Amino acid sequence: MALAKRFLLWVWKILTTPAATLSLAFLTLGGFVGGVIFWGAFNTALELTNTEEFCVSCHEMRTNVFEELTRTVHFSNRSGVRASCPDCHVPHEWTDKIARKMQASKEVWGKIFGTINTREKFLDHRLELAKHEWARLKANDSLECRNCHSSAAMDLSKQTQRAAEIHTRYLLPGKATCIDCHKGIAHELPNMQGVEPGWKLPPELEGEKLPSASAIDELKRVMDTAHSAALAN
């Protein structure tokens, strides 16, 4: 005990000794080592909060939106590529990631006060939460979508005629962004009654028949035409 006390007193004396008694090299090396340790600890903690395991550690996420994600093509598909929570909700670039983490820190209060700690509360707040995320993605030009989906890499010839037409007219020139049309692709949509759609049919296309989205749509059109003709006869 006495030895430990003497050691602590020696350390305290070193720490409180005026810097003039220490060499510049020692101070520089100490600052460098301290900086490396701080940066390593900070970056490790940052990456730990950027994993799917961390996201679903809260039951609010695990029993609501994560369960919905497991039923979508972003979770299970023929190519075996899976998008996890941070892929869609956290930018990849470091500066954007830090800004998003600071923004998300407000969500801690929701956890502390149990804002959505039951299914009923979650459903009551679902539209509000969705609107916040849609607005965020709209403001950053769907940055997280573009982490994986590059408009420059799109092969329009392999898309349906309707999708290729819309992408060419509105996505590629920057007139619209991913989230304008692709809401509800990883989680269920809230009640959309009375919600203004993010993308409307432009005036120049009103009254114009757009290309069919698929062979099924074309078959439906043919059947509708035949049905109308039968009724007319």
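Predicted model: local features only at pLDDT ≥ 70, side-chain atom pairs only at ≥ 80, totals over all residues.

K138 counts as partly exposed because its relative accessibility is 43%, where partly exposed lies between buried, under 20% relative accessible area, and exposed, over 50%, with a 1.4 Å probe and protein chains only. Residues are numbered from 1 along each chain as its sequence is written, and side-chain values use heavy atoms, with hydrogens and water left out.

Which residue does K138 form a salt bridge with? The partner is D180, and the closest N and O atoms are 2.9 Å apart; a salt bridge here means a side-chain nitrogen of Lys or Arg within 4 Å of a carboxyl oxygen of Asp or Glu. K138 lies in helix α8 and D180 in helix α10 (residues 178-181), so the pair ties together parts that are 42 residues apart in sequence, helices being DSSP runs of H or I with at least four residues, numbered from the N terminus. D180, for its part, is buried, with a relative accessible area of 9%.

Salt bridges with shared partners also join R100, E107, E133, R136 and E144 into one network. Within that group, E144 and R136 pair with their closest N and O atoms 2.7 Å apart, and both of these residues are buried.

Finally, a search of the whole structure finds 11 salt bridges, and one of them joins the side chains of E68 and R126, at 2.5 Å from N to O.

Technical notes. Helix = DSSP H or I, 4+ residues; strand = E, 2+ residues; numbered from the N terminus.
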